[in-house]
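Visitor: I am new to this structure, and I would like to learn how its features can be read one at a time. Could you guide me through it?

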2 protein chains.
Amino acid sequence: MSLNANLTIALDVMGGDQGPFITISSAIMAISHQPNLHLILCGDESIIAENLAHHKISKTDLKSHKQLSLFATTQIVSMEDKPIVALRTKKDSSMRKALDLVHEGKAQACVSAGNTGALFSMAHFVLKNLPGVERPALISSLPTHDKDKHVFMLDLGANVFCDSHVLYQFGVMGSVMAEQVDCISKPRIALLNMGEEAIKGSDHIKLAALELSENKDINYVGFIEGCDIFSNKADVIVCDGFVGNVALKTCEGVARLVYEKSKATFKASLLSKLFGSLLKPSFKKLFKTMNPDQYNGASLIGLRGIVVKSHGNANSDAFFAAIMEAVKEVERQVPEKIKQSLEHGFSAR
Amino acid sequence: MSLNANLTIALDVMGGDQGPFITISSAIMAISHQPNLHLILCGDESIIAENLAHHKISKTDLKSHKQLSLFATTQIVSMEDKPIVALRTKKDSSMRKALDLVHEGKAQACVSAGNTGALFSMAHFVLKNLPGVERPALISSLPTHDKDKHVFMLDLGANVFCDSHVLYQFGVMGSVMAEQVDCISKPRIALLNMGEEAIKGSDHIKLAALELSENKDINYVGFIEGCDIFSNKADVIVCDGFVGNVALKTCEGVARLVYEKSKATFKASLLSKLFGSLLKPSFKKLFKTMNPDQYNGASLIGLRGIVVKSHGNANSDAFFAAIMEAVKEVERQVPEKIKQSLEHGFSAR
């Protein structure tokens, strides 16, 4: 990783089901892992102090800390807050202030495990879309059959419906993510469809396919079906937010179902009970990595700033992974690259 | 099961990856399981004779057989045939003739493991929609966490996009299926959405929710997310064909991924390799039942006749299950009940 003197990330410390208990632990892990990283902890001053004390960092230590600083806020966006209400009434929340810091150029990215809808609305309002971007999208990576490869998928729920040009832009943005974050040259871009044949699917998907195949900078590989999401046939899979959200959550549901049924299989006989108990830890680990939503952060891309969303019930490893994802996107200047790619795509057409 | 003197089902013997080798075996299983069942075997005369011979049924036996008869056809719809081409040029195919027999009242249902798109187009053309039905839908049942319960899901790919009234009709048709086929009184109907809150999703989903909740005969329980498809929170889950197809195929993809990763887990050490090999048969069985598309038949409902689609690579158990599904739908008079429910729904509104 290249050293970057100005690597500053604003954390929404109060977000997530367990708030500072998790986020502060992850922050401590992140600064020790990344010596040039500076984290601005946005949240309730006394709660943050209390949690830092568990890590042997006193209030005085914090004042002179080289990698941590505090931004005291008075409000918290709850998981129940409606996006529009949070946007209007929670202007001094940890989430809002973390985004404001990115907007003001005081931080280069924001990481939050808070209310997804509120984060989207606030990020969109505070940071605004990149020039030419019609809609920001939520992108995350999923595992594949090849253990060293994963696949990016977008949009995972930021937009209910997307027309062909929006899908095209998602393809371009996804291509930049795979190229910059995963260092894949000429990432394979596919559109999620109900069949692989060119005649399948809606008109706007067919139009998006046409638009993607006409952009010479994009390695468009065609339609892909749900059963092949994990087959390593593409580096980026594009769909609208409704379909992406259903597909991602269905993954979660199936993984949970298989896990429960496996447990029952393990318990079916005394013999399998014995063997099952010995294999259980490996299986638990497997199902944890199978849940991409919980394991990896998801990024909101297409905005004039970097926003990484961690799962509400992320543990400290998962929230740490989200911070490191933000670090990567800062280092690779993802928003700037997306802007360039979209401009180039427009002029090339 | 009630005895029905006129229980006749037309089989597309030539359909499916392995054709008569599978379908004839399943037919033999079905007639021995259901003594009042008569099967019309539609397909190539000599190939059928050859396959029946493996089951010790000669040409002469067939002529006087009480439960089997032959309908010789000269064409086969291949898996590569485009629906429109099959419809226009394969009028003497086993698939088409099986549907024609239903249309002519000589059979009460048709079962095929052939080309899905061609079957849809032909069934729609030959049988026509029930009065008032805007679109037929593909419905199948999926497993849930509760081993004695499954959940019906529709549409699984017959329609790319569905407006609110079509989704409403799917709810009514799904309710009839759950009530008649599974004997569930007041089946719980849910709409698949990207969140449970009423404000989530597209306008046509919100309108469908309104329409379903206004029909007093329907037990509408609200929105459901992808992660809860298998949670036994609903008896019927309604979505458009694009979303349903992606969700179903994503299930298949996740199940396959988990299976592969489990195998790797089993092989990770000598110890787990040993235990794994002992547990492998149970796991194989588990993953087989986890693949609803392959295990159960899917029914095309909303037509003036019963059509059950078995998976292209169905084995003889799976194709047998599809025949028995057709038997159930004939006995419970599903099309007639759908017609009544839709008429009642319209007049009640």
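This is a predicted model: local features need pLDDT of at least 70, side-chain atom pairs count only at pLDDT 80 or more; totals for chains, interfaces and linings use all residues.

Visitor: In what order do the 11 strands of the open sheet in chain B lie?

Guide: Strands of a sheet pair through backbone hydrogen bonds, either parallel or antiparallel. Here the 11 strands follow the order β3-β2-β1-β4-β11-β10-β5-β6-β9-β7-β8 in chain B, with mixed pairing. Because β3 (68-72) and β8 (219-224) of chain B each have a single partner strand, they stand at the edges, and one side of each is left without a neighbour in the sheet. Within this sheet, neighbouring strands are turned by 25° against each other on average, direction ignored.

Visitor: How many bridges join strand β1 of chain B to strand β2 of chain B?

Guide: There are 6 bridges between β1 (residues 7-12) and β2 (residues 37-43) of chain B, and the two strands run parallel; T8(B), for instance, has H38(B) in β2(B) as its bridge partner.

Visitor: How should I read helices α7 and α8 of chain B, and at what angle do their axes cross?

Guide: Two packed helices are described by the angle between their axes and the distance between the axes. The axes of α7 (residues 164-181) and α8 (residues 203-214) of chain B come within 8 Å and cross at roughly 45°, which means that α7(B) is oblique to α8(B). The crossing is right-handed, and the contact holds 6 nonpolar, 4 polar and 1 charged residues.

Visitor: Which domains make up chain A?

Guide: Chain A is divided into domain 1 (1-133 + 302-333) and domain 2 (139-292), and 6 residues of domain 1 are in contact with 5 residues of domain 2 in that chain.

How values were computed:
Residues are numbered from 1 along each chain as its sequence is written. Chains are lettered from A and ligands numbered from 1 in the order in which they are written. Domain bounds come from an automatic or database domain assignment. Two residues are in contact if their C-beta atoms, placed from the backbone, lie within 7 Å. Two strands pair if DSSP finds at least two bridges between them. Helices (H or I, at least four residues) and strands (E, at least two) are DSSP runs, numbered from the N terminus. Axes are lines fitted to C-alpha atoms, for helices over the stretch in contact, and angles run from 0 to 180 degrees between N-to-C directions. Angles under 35 degrees count as roughly parallel, over 145 as roughly antiparallel, 65 to 115 as roughly perpendicular and the rest as oblique. A crossing is left-handed if the near helix is turned anticlockwise from the far one by less than a right angle, and right-handed if clockwise. Ala, Val, Leu, Ile, Met, Phe, Trp, Tyr, Cys and Pro count as nonpolar, Asp, Glu, Lys and Arg as charged, and the others, Gly among them, as polar.
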